[in-house]
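Good morning, colleagues. Please look at the structure on the screen while I take you through its main features.

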Amino acid sequence: MSTAHKLNGASFLDLRQQLESRGIVFSYCGYLNESILSGIGNALQSKMAIDQTDQKISRGIFSTFVEQVQNVIRYSAETIGPEERAKLEREAALAAGRPENEIDDGELRYGLITIGETPDGTRFVTCANLIKNDNVERVSASLESIRGLNRKELTTLMREHLKAGPPEGSKGAGVGFISIAREANGNWEYDMVPMPDGKFTFFCLEAYF
C-alpha cells in the first residue's frame, strides 16, 4: 500500500471529536432512499429507548427525522437515477464475487442528517442537502410563511393544505415543513449557503426540542 493511501486514523478521531464537541450523537451523510430511512429510523428509535428519552420528545424527534429525510429523498439535487444505480450495484456485486441483489426502481438522493443535544439540554434535528438555485426563493418563501406560527396555527394550516391537495410540482402533500415546524412547536431555523458553482445552494433546516 502506498503512503498516499495509508489510513489516517487520527483524521477519523478528529471527526468524531468534532461531532462530540457539537453535541451530535447521531449522524449520517450519504445517499438515501426509503429502505435506508427505515433502517436508520429503527436504529434511532432503539437509541432513544436505551437513553430513556421522554416519550413526547422522542416522538417529536422521530417524526421530524422522518420528514427531514423524506424531503431529501424527494428534493435533493444530488441524485443517482435508477439506471445508473443499478449499474453501480451490479458492478459492486461482481467485484465482491457475490450474487446481484434485487434492484429497486427508486432513485438515491444525497443528504446529511444529524441529531444532537446542546449544553442547555435542547435536542436538535438537522438536515441538509443541495437544491437548485431556481428553488431557493420558493423554499425560503414556504418557510417564511410559517415562521412565528404556534402549534395550533400550524395544525390548522396543515389541515387546510391536506384538504386542498398537493401544490403544483410537489411530490408529497406539501405539508413537510409545516409538520416539522409543528413538531418543534415553532422552534426551528434554516440557512441557505450558495455553492461556488453558482448553480446550487446548500440548504440546512434545524428543528429544536
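I shall begin with the overall architecture, then turn to the aromatic residues, and finish with a pocket.

Please bear in mind that this is a predicted model. The protein has seven helices and six strands. Read from the N terminus, these elements follow the order α-β-α-α-β-α-β-β-α-α-α-β-β. Of its 209 residues, 34% count as buried. The protein exposes about 13000 Å², and carbon and sulfur atoms supply 53% of that area. As for contacts between residues at least 6 apart in sequence, 68% join residues at least 24 apart.

Let me move to the aromatic residues. The structure holds five aromatic pairs. One of them joins Phe26 and Phe65: the ring centres lie 6.4 Å apart and the planes stand at 90 degrees, so the pair is edge-to-face. Phe26 belongs to strand β1, residues 24-32, and Phe65 to helix α3, residues 55-75, so this pair ties together parts that are 39 residues apart in sequence. Phe26 and Phe65 are both buried. Together with Phe62, they form one aromatic cluster.

Finally, the second largest pocket. How much space lies in it? The volume is about 310 Å³. This pocket is lined by 14 residues, of which Leu19, Arg22, Ile24, Leu112 and Thr114 are the closest to its centre. At least two lining residues come from each of α1 (9-21), β1, β3 (108-117), β4 (123-132) and β6 (200-208).

Thank you for your attention.

Key. Residues are numbered from 1 along each chain as its sequence is written. This is a predicted model: local features need pLDDT of at least 70, side-chain atom pairs count only at pLDDT 80 or more; totals for chains, interfaces and linings use all residues. Side-chain values use heavy atoms; hydrogens and water are left out. Rings of Phe, Tyr and Trp (its six-membered ring) pair if their centres lie within 6.5 Å; planes under 30 degrees apart count as stacked, over 60 as edge-to-face and the rest as tilted. Helices (H or I, at least four residues) and strands (E, at least two) are DSSP runs, numbered from the N terminus. Buried means under 20% relative accessible area, exposed over 50%, partly exposed in between (1.4 Å probe, protein chains only). On a 1 Å grid over the protein atoms alone, a cavity is a set of points where a 1.4 Å probe fits but cannot get out, and a pocket is an open set with protein on both sides within 12 Å along at least five of seven lines; lining residues have an atom within 4 Å of a point. Grid points are joined across faces, edges and corners, and a volume is the space filled by probe spheres set on the points. Contact means heavy atoms within 4.5 Å. Accessible areas come from the Shrake-Rupley method with a 1.4 Å probe; for residues, only the protein chains shown count as cover.
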